[in-house]
Amino acid sequence: MIEFHMVPKHQEIVILHAAMDREKDAAALYLKFAAAVADVKAKNVLIHLAKDEVGHLDRLERHLVHTLAGKGKERLQAAADLAEAMAARLDEGSPLVLPSAPELARTDEIRILDLALQLELEANRRYIELAASAGPGEGKEIFLSLAKEEETHARILRAEIDSLGQNGF
């Protein structure tokens, strides 16, 4: 696990960019899932989750701006750190592979919601790890807050899966 409070600023920036990329990818995936399901309630849940992921992205972006804020020499170093971090992120690419439209068309709604649930559980685990490594301060608070929201998303998805799985008996 990375000791976030002990890493160089450029590494902190890389971590924030990675989290931001995952939030963007999750929002795009949830919108793709929403287009693939017929059930109106499931579609609305997925659209709402995509909106929440965009909100997470906004919070991470604001934290990044705060992290990069500085004066004089610190600002120049932050700019250099950002350039280095962006180069590293471009080399890595996105870890999330979106399913193709034909794959989604062949998948039932419960399986799509279960895929979304697995993403939320992984996001929750990742944010808890980041919070543990962040040390005290604003970064830790943001990661814990995001972990809690991802946990709430998982509960919403479980409830929707249970609702769709009921056969009336």
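**View 1. Aspartate 39 in the loop between helix 1 and helix 2.** In this predicted model, aspartate 39 is partly exposed, with a relative accessible area of 25%. The residue lies in the loop that stands between helix 1 (9-36) and helix 2 (40-68). The side chain of aspartate 39 reaches the backbone nitrogen of alanine 42 at 2.8 Å.

**View 2. Aspartate 39 and its contacts from elsewhere in the sequence.** When residues up to four places away in sequence are not counted, aspartate 39 touches Glu109, Glu160 and Leu164. Aspartate 39 and leucine 164 are separated by 125 residues in sequence, yet the C-alpha to C-alpha separation of this pair in space is 8.7 Å.

**View 3. The crossing of helix 5 and helix 6.** Two packed helices are described by the angle and the distance between their axes. The axes of helix 5 (residues 109-134) and helix 6 (residues 138-165) come within 8 Å and cross at roughly 160°. Angles over 145 degrees count as roughly antiparallel, and helix 5 and helix 6 are therefore roughly antiparallel to each other. Their crossing is left-handed. Sorted by class, the residues in the contact of helix 5 with helix 6 comprise 20 nonpolar, 4 polar and 9 charged.

**View 4. Asparagine 124 in helix 5.** Asparagine 124 has a relative accessibility of 14% and counts as buried, because buried means under 20% relative accessible area. With neighbours within four places in sequence left aside, asparagine 124 is in contact with Ala147, Lys148, Glu150 and Glu151.

Technical notes. Residues are numbered from 1 along each chain as its sequence is written. This is a predicted model: local features need pLDDT of at least 70, side-chain atom pairs count only at pLDDT 80 or more; totals for chains, interfaces and linings use all residues. Side-chain values use heavy atoms; hydrogens and water are left out. Axes are lines fitted to C-alpha atoms, for helices over the stretch in contact, and angles run from 0 to 180 degrees between N-to-C directions. Helices (H or I, at least four residues) and strands (E, at least two) are DSSP runs, numbered from the N terminus. Angles under 35 degrees count as roughly parallel, over 145 as roughly antiparallel, 65 to 115 as roughly perpendicular and the rest as oblique. A crossing is left-handed if the near helix is turned anticlockwise from the far one by less than a right angle, and right-handed if clockwise. Ala, Val, Leu, Ile, Met, Phe, Trp, Tyr, Cys and Pro count as nonpolar, Asp, Glu, Lys and Arg as charged, and the others, Gly among them, as polar. Buried means under 20% relative accessible area, exposed over 50%, partly exposed in between (1.4 Å probe, protein chains only). Contact means heavy atoms within 4.5 Å. A polar contact is a pair of N or O atoms within 3.5 Å; within protein, one must be able to donate a hydrogen and the other to accept it, and residues adjacent in sequence count only if both atoms are side-chain atoms.
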